[in-house]
Amino acid sequence: LALFGLVAHLLLGLGGSVSPLWLPTCMVAGVVASLLQQRAAVQPGPARLWVLGLAITVTLLVALAMVLDVTRIPPHDWDAVAAWSVKAKHLVANPSLSQPFFQDPGVWNHSRDYPLLQPLCLASSQALWGEGGGRLLFVVLYLLMVCTVGLAVRAAGAGRDAACVAAAALGLTPILVDPTSGGFTSGYADAFLATAVVGAAAGLLLRDRWLLAAGTILMVLLKPEGLIYGGLVLCVPWLRDQRRLLLPAVVAFVLAAGLWLPIQLELQHARVTSPGWVIWPGLVGCGAVMVLSQRLVKPSQRPAWLLVSMMVCGAVVFLLLVKLLATGLGQQQGSLTAYFQDLSRMFDRLPRFPQILWGAVSYLFSVRKVGLLFAVLMALAILHKRLGPWPSPALGLLLILAAPCLLMPYLLSTEENLAHHMRSSMGRLLIHWLGAGWLLAGLGIGQTLAQAEPQEHPHHQAGGEP
Amino acid sequence: VQRSHVKTLLLLLVTAHLLVGLARIPHAVFGKRAAEAARYEQVGRVRYLLDTKYHQGWQEVEWLLQNTPANSVILWRGEYKGSFELAADLVFPRLLYEASRVQPGITTIYDRPVATRVLVGLGNDLDLVSR
């Protein structure tokens, strides 16, 4: 999917059209590449048959409900109709940007600045397999996300039972599987973005450069906030002094953003004053600074106060860079622009921070939305000293860095009705991190199970980063 | 707190999550979907989306679908937030074109005929007026 994203955006950027055959071609190439990749052998012991059977049964049951849904009726939630599916419909008819719907600012096109990877994937699969058959893409994404979590937990050595439990737990998360805004079959891009985040998180966990790069590319090409998430993912290997991971992640981010941002500017052409090519030197420069600064500073060898100071400075620079991307090139409209046009709004909103924080906490612990994931993570965080070492510092760091992403939109938003804004969007923001959360929880479950039954798993007392 | 209590608490939380998820499958995962799909098929896409407690405008969209050719351009004006946001998808492959950007008497845009009525966004409703 990441390869398809790069190829499709390269073609669109060159003014060409994206043949639907690129989608299966890139997917086959991805499967072949993964088969050729050498992996360390993991022998976490057999899963109990009933645990494996339960995980497979519930996943397939939910997938069946989704198949019956998407093949019967098209997505019908608000943003899916207003912003996502209409783009796919135009791309099925003509898989290029050389059409009035994209080129003419007079033609109504909701959220012109939204990335195009999901509409491109949907259009290609619908062109090949029909309207209903093409929508099976959403079910494939669900299976991909659940399987990635299960396989990554297993590959990290946490045990097959833990892998099955983590996969099943993610696969049963209400907000992902219900027919509601943001769920897999809703037609929104949030679940696809969550799958991309899982890919990047699994890459960080397993120190797999290809997975990390693929997840980073997908994030940037799927939703406007994916650009920010991609930046956060880069911070993890930077802060943890993992040069082997940082370089491919930076290259992936620069490639994806370099291909997408000029197209985004072109789609908003009537409101943009700067040409798209100014993006490339900026991106390459920032990427080079990130890679070189890690080599010079070596975060792991510095005292904590310096690391904290660097993180604060990094956060300020990151905010300013996003503001530059969102508003500095002349855009007057667009989703990032709406949030970043006036950073001082953040200070005006500070008195309402308790309301925002309470809203976030109530969503985190809403059993009807996300089940008990955050209760499990909180239990792990509080009690990890009694369970053994923290299962994955990289994943823990990623989730900590992601926390402000839940709060910042409401500090920067122009929407006055904050309660309505939070009700309509906080669940979807939370969706993006559910898979990464269950990856971490799966490792904790693996630790617990390994300690409970050491005789059954002699090789793996604790899961974690290999 | 004993280590065994910690493990028990963690496993209880995970088990509760799984049980809640399993219990919701018949009603929330299958039932709600089936009910939504049945209603969608019964009333059609336009009425499903624009004949609700919060949003109206289905008559205007149905009129456009029945009385304008599929390749036409429909001029629009008014409030874009609300019911109008869904119109571009519902009238596809017709295009919605901002009325303020065209000459009053124009009859074609991109060799497509321009519809005789203008779609007006009214927030949570729509209207059709003569050009």
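The structure is a predicted model. Chain B contains 3 helices and 6 strands, and 4 of its strands form an open sheet. The radius of gyration of chain B is 24 Å, well over the 14 Å given by the globule rule for 131 residues, so the chain is more spread out than a compact globule.

**Overall form of chain B**

- Taken along the principal axes, the box filled by the C-alpha atoms of chain B is roughly 80 × 30 × 25 Å.
- Of the 131 residues in chain B, 44% are buried.
- The accessible surface of chain B is about 6700 Å², and carbon and sulfur atoms account for 55% of that area.
- When contacts in chain B between residues at least 6 apart in sequence are considered, 58% of them join residues at least 24 apart.

**The sheet of chain B**

- The sheet has the strand order β2-β1-β5-β6, and its pairing is mixed.
- Strands β2 (95–98) and β6 (126–130) of chain B are the edge strands, each pairing on one side only.
- From one strand to the next, the twist averages 40°.
- Helix α2 of chain B, residues 58–67, packs on this sheet and touches β1, β5 and β6 of chain B. The direction of helix α2 makes about 50° with that of β6(B).

- Strand β1 (residues 73–79) and strand β5 (residues 117–122) of chain B run parallel and are joined by 4 bridges.
- On β1(B), Trp76(B) stands opposite Leu119(B), which belongs to β5(B).
- Strands β5(B) and β6(B) pair in the antiparallel sense, with 5 bridges.
- Val120(B) stands opposite Asp127(B), a residue of β6(B).
- A hairpin is formed by β5(B) and β6(B), with 3 residues between the two strands. In the turn, Gly123(B) has a positive phi of about 80°.

**A buried residue: Asp89(B)**

- Asp89(B) belongs to helix α3 of chain B, which spans residues 84–90.
- The relative accessibility of Asp89(B) is 2%, and the residue therefore counts as buried, the limit for this class being under 20%.
- With neighbours within four places in sequence left aside, Asp89(B) is in contact with Val81(A), Ser85(A), Val86(A) and Lys89(A) of chain A, and with Arg45(B) of chain B.

**A partly exposed residue: Leu350(A)**

- Leu350(A) lies in a loop of chain A, between helix α18 (345–349) and helix α19 (353–364).
- Leu350(A) has a relative accessible area of 43% and is therefore partly exposed, a class that lies between the 20% limit for buried and the 50% limit for exposed.
- Leu350(A) and Leu411(A) are 61 residues apart along the chain, and their C-alpha atoms are separated by 7.1 Å.

**Confidence in chain A**

- The average pLDDT of chain A is 86, and 88% of the residues score at least 70.
- Over residues 455–462 of chain A, pLDDT stays under 50. For these residues the model has 16 contacts beyond four places in sequence.

Technical notes: Residues numbered from 1 in each chain as written. Chains lettered and ligands numbered in written order. Predicted model: local features only at pLDDT ≥ 70, side-chain atom pairs only at ≥ 80, totals over all residues. Heavy atoms only, no water. Pairing = 2+ DSSP bridges. Axes fitted to C-alpha atoms, helices over the stretch in contact; angles between N-to-C directions. Contact = heavy atoms within 4.5 Å. pLDDT = per-residue confidence, 0-100. Rg over C-alpha atoms; globule rule 2.2 N^0.38 Å. Buried < 20%, exposed > 50% of the residue type's maximum accessible area, 1.4 Å probe, protein only. Areas by Shrake-Rupley, 256 points an atom, 1.4 Å probe, with all protein chains shown as cover.
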